Amino acid sequence: MPHPITSEEAETLALRALAFLASEPERLEPFLAATGLGPATLRGAAQEPGFLLGVLDHLCASESLLLEFAGNLGLNPDMVVQAREILAGPPEAFEP
């Protein structure tokens, strides 16, 4: 298992994931379609709480995309999953 990362490291990794998605139209277009964003609104959305979590959610939803991203950075894919969990925060308690 990879070493624990900080929330700052998780945010940085998510920003790198966004840059990875944006670097190729074949990767960016499905992300934009899933989020309902357009290229013009992407930068503003990146400032919104939860957006970086959405980036990692998208990445983790596709094993091939996750493996390509992690491989490009020389990371264990579990590190990306860990970053996603950190950005998601603790699970909410279930109240019946």
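Author: Start with the exposed side: the face of helix 5 turned away from its buried side carries the exposed residues E63, S64, G71 and N72. Keep in mind throughout that this is a predicted model.

Reader: Which residues of helix 5 are buried?

Author: Helix 5 spans residues 63–73, and its buried residues are L65, L66, F69 and A70. They cover an arc of only 125° around the axis, so they lie on the same side of helix 5.

Reader: What do the buried residues of helix 5 pack against?

Author: Their partners are helix 1 (7–22), helix 2 (25–35), helix 4 (51–60) and helix 6 (77–88).

Reader: How do I read the packing of two helices, for example helix 5 and helix 6?

Author: Take the distance and the crossing angle of the axes. An angle of 65 to 115 degrees counts as roughly perpendicular. The axes of helix 5 and helix 6 come within 8 Å and cross at roughly 105°. Helix 5 and helix 6 are therefore roughly perpendicular to each other. On the helix 5 side the contact is made by L66, L67, F69 and A70, and on the helix 6 side by P77, V80 and V81.

Reader: What lies in the loop between helix 5 and helix 6?

Author: G74 lies in that loop. G74 follows helix 5 and has a positive phi, near 70°.

Reader: Is G74 buried or exposed?

Author: Apply the cut-off: exposed means over 50% relative accessible area. G74 has 66% relative accessibility, so G74 counts as exposed.

Reader: Which residues does V80 touch?

Author: V80 lies in helix 6. Not counting residues up to four places away in sequence, V80 touches L13, L56, L59, C60, L66 and F69. The relative accessible area of V80 is 0%, so V80 is buried. For a C-alpha distance, take V80 and S23: they are 57 residues apart along the chain and separated by 18 Å.

Reader: How many aromatic pairs are there?

Author: The count comes to two aromatic pairs. The rule looks at ring centres and at the angle between planes: under 30 degrees counts as stacked, over 60 as edge-to-face and the rest as tilted. The rings of F20 and F69 have their centres 5.3 Å apart and their planes at 55°, so this pair is tilted. The pair links distant parts of the chain, with F20 in helix 1 and F69 in helix 5, 49 residues apart.

Reader: What is the geometry of the pair formed by F31 and F51?

Author: The pair of F31 and F51 is edge-to-face, with 6.0 Å centre to centre and 75° between the planes. This pair also links distant parts of the chain: F31 is in helix 2 and F51 in helix 4, 20 residues apart. F31 counts as buried at 1% relative accessibility, and F51 counts as buried at 9%.

Reader: At what angle do helix 1 and helix 2 pack?

Author: Their angle is about 110°, with the axes 6 Å apart. That makes helix 1 roughly perpendicular to helix 2. L18, F20, L21 and A22 of helix 1 make the contact with R27, L28 and F31 of helix 2.

Reader: One last residue. Where is L53, and which residues is L53 in contact with?

Author: L53 is in helix 4. Leaving aside its neighbours within four places in sequence, L53 is in contact with R84, L87 and A88. L53 and L66 are 13 residues apart along the chain, and their C-alpha atoms are separated by 14 Å.

Definitions and conventions: Residues numbered from 1 in each chain as written. Predicted model: local features only at pLDDT ≥ 70, side-chain atom pairs only at ≥ 80, totals over all residues. Heavy atoms only, no water. Buried < 20%, exposed > 50% of the residue type's maximum accessible area, 1.4 Å probe, protein only. Helix = DSSP H or I, 4+ residues; strand = E, 2+ residues; numbered from the N terminus. Arc of directions from axis to C-beta. Contact = heavy atoms within 4.5 Å. Phe/Tyr/Trp six-rings, centres within 6.5 Å; stacked < 30°, edge-to-face > 60°. Axes fitted to C-alpha atoms, helices over the stretch in contact; angles between N-to-C directions. Parallel < 35°, antiparallel > 145°, perpendicular 65-115°, else oblique.
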